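Hi,

Here is the structure I promised to pass on.

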Amino acid sequence: MKKVLIVGLGSAGKKHVDALVHLKKEQVSIFALRNDPKHADIYERVKNIRTLKDLTQVPDFAIISNPTSLHAFQIEQLLKYKIPLLIEKPVVSTIDDGIRIQREIKAKNIFTHVGCNLRFLKVMQFTKKFLEEKTLRINEVNIYGGSDLSQWRPHQDFRKSYSANEELGGGIHMDWIHELDYLYWLFGEPENSTKVFGRKSSLAINSIDYANYIFTYPDYFASVILNYYRKDRKRTLEVVASTGTLLVEIELGNVYFNNEKIFSHSETLIDTYTCQMEYFLNILKNKTNSMNDFDHALTVLKMCLPNEKA
């Protein structure tokens, strides 16, 4: 029986637990590290613990899904067990934390995978294959991600969420680091960047609610615009090439080339957590490298943060 420790059982943590339970490849015993003793056991097969000292056995792996600002501390606490880590994005909240932990991970040879579930959307996997096979002469890449934060968690005051609070690691650039992750995944690391961040919207929150990036590649520029306030949610990738334009409607599951639909799938974002967990369990079993380990995620974090060069 697999023994799994999950740190943090918020919205992301619950999705990881649901993915584990859904797969049913083998029986799992899940322990959830939760600091607030008032939290009730919400899953029959998940046992709450208040401290790592409550663990009676070393887990087979751990999932880090608490607020980003706490990732560094918790990762360092778990390194002594020398177990594989599945770390929810963003990997940590500062580059200094990342560099320090990166050295420790390499010294202890810790297996890591950083969860960026958009990579597991079939529409994104089709897009990656299309770009690899067509070898387009790209002139421009445009990525847009806009969504209304006040509707993300309808039963919670959004201004009290970690997303709305910079000190907890919130900000649209961190929440939707997915867009920078798939830019890196599809097109590689840029040469340099220009970044603009703001807090000027009607949301009146202290975290960044607008981010605008321009990344320089050898033959083209890539623009990424993200915001927390768009009422009509939109998530798109546009690749303007010499032979035409590729448009990917990420959450709608459609891909167009020169206005002709070339792919469509009805998959939802929730489905990707199961795909991601299956991938993670398979690479653990087969002892193969992750396509998105700590090193890769730290590169994306440098692309993401305001004061870091791409």
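Keep in mind that this is a predicted model.

Away from its sequence neighbours (up to four places on either side left out), Asn165 touches Arg159, Lys160, Gly170, Asn206 and Ser207. You'll find Asn165 in the loop that runs between strand E7 (138-148) and helix H5 (172-175). Its relative accessible area is 14%, and the cut-off for buried is under 20%, so Asn165 counts as buried.

Now the pockets. The largest one comes out at about 1400 Å³. Its lining takes in 49 residues, and those nearest the centre are Gly10, Ser11, Ala12, Ser65 and Tyr162. By type, the lining of the largest pocket splits into 19 nonpolar, 16 polar and 14 charged residues. Helix H1 (11-23), helix H2 (71-78), strand E11 (229-241) and helix H7 (269-286) each put at least two residues into that lining.

The second largest pocket has a volume of about 370 Å³. It has 16 lining residues, with Asn109, Ile110, Phe111, Thr112 and Asn289 nearest its centre. The make-up here is seven nonpolar, five polar and four charged.

Cheers

How values were computed: Residues are numbered from 1 along each chain as its sequence is written. This is a predicted model: local features need pLDDT of at least 70, side-chain atom pairs count only at pLDDT 80 or more; totals for chains, interfaces and linings use all residues. Side-chain values use heavy atoms; hydrogens and water are left out. Helices (H or I, at least four residues) and strands (E, at least two) are DSSP runs, numbered from the N terminus. Buried means under 20% relative accessible area, exposed over 50%, partly exposed in between (1.4 Å probe, protein chains only). Contact means heavy atoms within 4.5 Å. On a 1 Å grid over the protein atoms alone, a cavity is a set of points where a 1.4 Å probe fits but cannot get out, and a pocket is an open set with protein on both sides within 12 Å along at least five of seven lines; lining residues have an atom within 4 Å of a point. Grid points are joined across faces, edges and corners, and a volume is the space filled by probe spheres set on the points. Ala, Val, Leu, Ile, Met, Phe, Trp, Tyr, Cys and Pro count as nonpolar, Asp, Glu, Lys and Arg as charged, and the others, Gly among them, as polar.
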